Amino acid sequence: MADIYKAYRNLDLNATKREVKATPGKLNGYFISNANASAAAFVKFYDSAAAGVTVGTTTPKLTIRVPAASAANLAGANVYFEAGITIASVTGVADADTT
């Protein structure tokens, strides 16, 4: 039987967009850690392949706050993406943040 669940792993997620999936998909869950001891991280999930995303301009479908020196996780999220999944991490919650 084919593996229907694919894990995405990135040890250096930042404000540079990263394409997780170029076609429609579903976020089933996540575990995100933030090693930065002084600032929260805001992980932005975009409903688009990377070519359609400009961090700071494109509106994310989902933003997850991860406190400084902490982690966040969720199982059974079931968030559907119609055009693809692209992610980035910035230090500000605003959709327009690029740092």
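Student: Where does A69 lie?
Tutor: In this predicted model, A69 lies in the loop between β4 and β5.

Student: Is A69 buried or exposed?
Tutor: A69 counts as exposed, because its relative accessibility is 56% and the cut-off for exposed is over 50%.

Student: And what is its phi, for A69?
Tutor: The phi of A69 is positive, about 50°, although A69 is not a glycine. Most residues other than glycine have a negative phi.

Student: Switching to charges. How many salt bridges by this rule?
Tutor: The count is 1 salt bridge. The side chains of K61 and D47 form it, at 3.6 Å from N to O.

Student: Where do K61 and D47 lie?
Tutor: K61 and D47 each lie in the loop between β3 and β4, so the pair ties together parts that are 14 residues apart in sequence.

Student: What does F81 touch, leaving aside neighbours within four places in sequence?
Tutor: F81 is in contact with P24, G25, L27, F45, Y46, D47 and K61. Both salt-bridge residues, K61 and D47, are in that list.

Student: Now the core. Which residues make up the largest nonpolar one?
Tutor: There are 11 residues in the largest nonpolar core, including L27, F45, I64, F81 and I87. The elements giving two or more residues to this core are β2 (25–34), β3 (41–46), β4 (62–66), β5 (70–81) and β6 (85–90).

Student: Which element gives the most to this core?
Tutor: β2 does, with 3 residues.

Student: What about a second core?
Tutor: A second, separate core has 7 residues, among them A40, F42, V55 and A88.

Student: Last topic, the largest pocket. How much space lies in it?
Tutor: The largest pocket holds about 1,100 Å³. Its lining has 37 residues, and Y8, R9, F31, I32 and I87 lie nearest the centre.

Student: Which elements give two or more residues to the lining?
Tutor: They are β1 (18–21), β2, β3 and β6. The largest share, 10 residues, comes from β2.

Student: And how does the lining divide into nonpolar, polar and charged?
Tutor: The lining of the largest pocket has 21 nonpolar, 11 polar and 5 charged residues.

Conventions:
Residues numbered from 1 in each chain as written. Predicted model: local features only at pLDDT ≥ 70, side-chain atom pairs only at ≥ 80, totals over all residues. Heavy atoms only, no water. Core = buried A, V, L, I, M, F, W, Y, C linked by side-chain atoms within 4.5 Å. Buried < 20%, exposed > 50% of the residue type's maximum accessible area, 1.4 Å probe, protein only. Helix = DSSP H or I, 4+ residues; strand = E, 2+ residues; numbered from the N terminus. Contact = heavy atoms within 4.5 Å. 1 Å grid on protein atoms, 1.4 Å probe; cavity = no way out; pocket = protein on both sides within 12 Å on 5 of 7 lines; lining within 4 Å. Points joined across faces, edges and corners; volume = space filled by probe spheres on them. Nonpolar A, V, L, I, M, F, W, Y, C, P; charged D, E, K, R; others polar. Salt bridge = Lys/Arg side-chain N within 4 Å of Asp/Glu carboxyl O.
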